[in-house]
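Colleague: Please take a close look at a single part of this model for me. I would like one connected account of a helix and the sheet beside it, with the cut-offs stated.

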Amino acid sequence: MTSDFNADIQIGDFVPFSTYQAARSVARTVEEHFAHHHNLADISPGPDLAPRPDARAVELLIDTTFWASLRREEGHSPKISIAFLAPEHAGDPLVFQHKLAFNANVLTKLAPAVERAGIHLGVWYDANELYIWGTTRAIPALCFVVEVVEPGMLVIKHRRRGGYGKFVNVAVLKGDQVKIIDDIASKQPDCPSLVNSMIGFGAPSLWNDKLNIQVMLSASMRAHGRGGILLVVPAGSEQWRESIVHPISYGVDPSFTELAQLSRAKIDKSGFNEWQSKLTLAINSLAGLTAVDGATIINEQYELMAFGAKIARAQGKPPVEEILVTEPIVGNKGIVVPPVQNGGTRHLSAAQFVYDQRDAIALVASQDGRFTIFSWSKCDQIVQAHRVDALLL
């Protein structure tokens, strides 16, 4: 097998016969996404990049993975993450003695061994056919990845060029529904920098960039599945207390600074793995507090002030009457609705908090997996509710 790592990947004259309509409809768009960002990488410094797949490879990878996701092995649905790269370009790969056919049956059989987070099945091509060569935990930047989230639901993503952090989602496919992440959404006025970082086109350049940490906090909140609210308020200000019921059941005094200290740490290469482990534990611990009824409150420096806090309308402030609901998906247009139409008590209280405290943002996780970021739009003078669950899968 020979390959040119940075060359365009084309599977010769092989024409995949896909029976999953969404695979065909999204393949060309995904190819263009990777080509665009590889071209940007060519004119800017950065790490080695994975090969960019063409539409044929994308279509076949999605089609086969989709049908595998609908199967069951000993009563369990497969959860698989597939990375498109050659073994020599993966980090410390586990390489099988013999190549395995890339088909739904083999994927279903292998799924129990690779369902833990961070493990990818490596897929490459030889003699115009795709095959499975082994597994890896380390993949290069802009590596095409297709992941099974649940039966019939796939996410196409790639690793950030900036290093450690949540992968960048490109598209979400659920049955015949296709959502393409809209990179233009991150360039709109008043789009919170957190949304921009989740989309990934303004991705943090440092491992401990504060936006990168906020993205990981959001993903961890969503992952615990209990729902919750995280309020991020300006550092050095006590104005947020005007919108909280007192006494606070679980106030923290002095503020807890573990995550704040880790976010400011200067990391060298030798200490990175230890720092990464500590940071992940700190993020998961803080996200776990959001499962307690009420809101968890941190400042922009990641200092924890309270959790389980009850949100109330600030004295003298009117109730929020409308919000602008947006989603960073191609074709989506924001709509103005009463806040009661956007969710339950959590969403309404978060919208009211941001309406009163306009320098703050509110992150709201629902038990059903929805995730919304509330922020104040200075341009439109309205609370924006950004639906971002498609970015966190």
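Modeller: Helix 8 (residues 345-356) lies across strand 9 (228-233), strand 13 (323-326), strand 15, strand 16 and strand 17 (382-387). Contact here means heavy atoms within 4.5 Å. Helices (H or I, at least four residues) and strands (E, at least two) are DSSP runs, numbered from the N terminus. Helix 8 runs at about 25° to strand 16; axes are lines fitted to C-alpha atoms, for helices over the stretch in contact, and angles run from 0 to 180 degrees between N-to-C directions.

This is a predicted model, in which local features need pLDDT of at least 70 and side-chain atom pairs count only at pLDDT 80 or more, while totals for chains, interfaces and linings use all residues. Residues are numbered from 1 along each chain as its sequence is written, and side-chain values use heavy atoms, with hydrogens and water left out.

The strands under discussion belong to an open sheet of 9 strands with mixed pairing, in the order 10-12-11-9-15-16-17-13-14. Two strands pair if DSSP finds at least two bridges between them. Strand 10 (250-256) and strand 14 (335-337) stand at the edges with a single partner strand each, so one side of each has no neighbour in the sheet. On average, neighbouring strands of this sheet are turned by 20° against each other, direction ignored.

Within the sheet, strand 15 (residues 361-365) pairs with strand 16 (residues 371-377) in the antiparallel sense, over 4 bridges. L363 stands opposite I373 in strand 16.

Now to the side chains. A search of the whole structure finds 7 aromatic pairs. Rings of Phe, Tyr and Trp (its six-membered ring) pair if their centres lie within 6.5 Å; planes under 30 degrees apart count as stacked, over 60 as edge-to-face and the rest as tilted. W376 is buried, with a relative accessible area of 12% (buried means under 20%, exposed over 50%, partly exposed in between, with a 1.4 Å probe and protein chains only). Y355 and W376 form an edge-to-face pair, 5.9 Å centre to centre with 65° between the planes. Y355 lies in helix 8 and W376 in strand 16, so this pair ties together parts that are 21 residues apart in sequence.
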